[in-house]
Amino acid sequence: MKEFINKAGVRVEVTIQKLRDCLKHAIDRFNDYEKSSLLLPRKLPNGHYVGEKDRGWGAASERAIAHRLAVYLERQLRQDGIVEDGGLISVDCEYNRHLDGMKTHRIPEKLIGVVEDAKRKPKPITDDEGFYVFSIAPDIIVHRRGEDDLNLLVIELKKTTNNEIAEYDDLKLRCFTKEGRDEYGYLIGFAVVAVDDVPAEQREMQLSTPYARGEPQAPQYAQ
C-alpha cells in the first residue's frame, strides 16, 4: 500500500486491489465502447473486413488503444479519489522522464539479447562493467511526476498480432516493479492484451499477468 495527502488534506490510501479494480473497470469500459472500432480490422471497398492473411488484419495502433484505455483508467481513478485536478497523481502515456533525466532500465549482459530482439539498443555503463542501460517509455503509468515515492501502476499493452517478443514486456515489467535503492518500485504492474488475431466479433481487451516486487505473480494475486 502507498498513501498520500490530497488537496483537501485527506489521506488517500492506494492498495494493489484498488488499482487492479480501477484497471479492470477501465478495460470493461473499453470493451463496451471502443473495441467495435479500435480493435477491428480494416475494411475492403466492398465493406467486408480484410482476411487474416491480408495487410490491415490487426487492430488500430497500440498507441491509440493505450490512450483510450488511459482515458477510462483516469476517469475511474478520479472517482476513487486517487487523481484530481492539480493533485499529486497523474496518468501518463509513454512517459520517458525519470526525475530530471531519461527513464532507463539497467540490465546485466545476459539480457542484452532480449532488448536487441525488440529492436532496442542497450548501451554499456562505463563505470559498471557487465551492465547495460536502455531507454524506455512505458505504455501507461500512474505516478507522481518528478518523484519515485508514488509510483503506483505501470501497464504494458500488446496486440496479439504484434510479433515483438513477449520476453521484452516481461523484462520491462520486472524492472519497473523491482524494489530497492535506485529502482522504480511501482506498486503493481500489469500486462494487458488487445486480442486482435481472431475474427472481428471475438476481439476484446484482456487483463493479463500482474507483476509485483520484480516478479510475475499468480493471476489470483490481483483478483
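Me: Is L73 buried or exposed in this structure?
Reply: Burial is judged from the relative accessible area, and a residue under 20% counts as buried. L73 has a relative accessible area of 0%, so L73 is buried. Bear in mind that the model is a predicted one.

Me: Where does L73 lie, and which residues does L73 touch?
Reply: First find the element, then the contacts. L73 is part of helix α3, which covers residues 62-79. Leaving out residues up to four places away in sequence, L73 touches C22, L23 and A26, and also I140, V142, L153 and I155. I155 is 82 residues from L73 along the chain, while the C-alpha atoms of the two are 11 Å apart.

Me: How do I read another buried residue, say A194?
Reply: The relative accessibility of A194 is 0%, so A194 counts as buried. Its element is strand β11. With residues up to four places away not counted, A194 touches L39, I65, K158, K159, T160, E204 and M205. A194 and L69 can be compared in two ways: 125 residues separate them in sequence, and 11 Å separates their C-alpha atoms in space.

Me: M205 is in that list. In which strand is M205 found, and what does M205 touch?
Reply: M205 belongs to strand β12, residues 204-212. Its relative accessibility is 2%, so M205 is counted as buried. Beyond residues up to four places away in sequence, its contacts include I27, F30, N31, I65, L69 and L157. V192, V193 and A194 are also among them. V192 is 13 residues from M205 in sequence, with a C-alpha to C-alpha distance of 7.2 Å.

Me: What surrounds H105?
Reply: H105 sits in strand β6, residues 104-108. At a relative accessible area of 2%, H105 is buried. Setting aside neighbours within four places in sequence, H105 is in contact with Y132, V133, F134 and I136, as well as K172, C175, F176 and Y184.

Me: How many aromatic pairs are there, and how are the rings of F176 and Y184 arranged?
Reply: An aromatic pair is read from the distance between ring centres and the angle between ring planes. The count here is three aromatic pairs. For F176 and Y184, the ring centres are 5.3 Å apart and the planes stand at 50°, so this pair is tilted. F176 and Y184 are both buried.

Me: What kind of pair do F176 and Y186 form?
Reply: F176 and Y186 are edge-to-face, with 5.8 Å between centres and 85° between planes. This pair links distant parts of the chain: F176 is in helix α5 (residues 166-177), and Y186 is in the loop between α5 and β11 (188-195), ten residues apart. F176 has 0% relative accessibility and is buried. Y186 is buried too, at 1% relative accessible area. F176, Y184 and Y186 together make one aromatic cluster.

Me: Which charged residues lie over rings?
Reply: Here the distance runs from the charged end to the ring centre. R106 lies over the face of F131, 3.8 Å from the ring centre. R203 has its charged end over the ring of W57, at 4.5 Å from the centre.

Me: Which residues other than glycine have a positive phi?
Reply: E94 is one of them, with phi near 50°. E94 lies in the loop between β3 (90-93) and β4 (97-98), and is partly exposed at 33% relative accessibility. D182 also has a positive phi, near 65°. D182 is in the loop between α5 and β11. Its relative accessible area is 73%, so D182 is exposed.

Me: How many cavities of 30 Å³ or more does the structure hold, and what lines the largest cavity?
Reply: The structure has one cavity of 30 Å³ or more. The largest cavity holds about 80 Å³ of space. It is lined by 14 residues, and those closest to its centre are R97, K103, H143, G146 and E147. By type, the lining of the largest cavity has six charged, four polar and four nonpolar residues.

Definitions and conventions. Residues numbered from 1 in each chain as written. Predicted model: local features only at pLDDT ≥ 70, side-chain atom pairs only at ≥ 80, totals over all residues. Heavy atoms only, no water. 1 Å grid on protein atoms, 1.4 Å probe; cavity = no way out; pocket = protein on both sides within 12 Å on 5 of 7 lines; lining within 4 Å. Points joined across faces, edges and corners; volume = space filled by probe spheres on them. Nonpolar A, V, L, I, M, F, W, Y, C, P; charged D, E, K, R; others polar. Helix = DSSP H or I, 4+ residues; strand = E, 2+ residues; numbered from the N terminus. Buried < 20%, exposed > 50% of the residue type's maximum accessible area, 1.4 Å probe, protein only. Contact = heavy atoms within 4.5 Å. Phe/Tyr/Trp six-rings, centres within 6.5 Å; stacked < 30°, edge-to-face > 60°. Lys NZ or Arg CZ within 6 Å of the ring centre and 35° of its normal.
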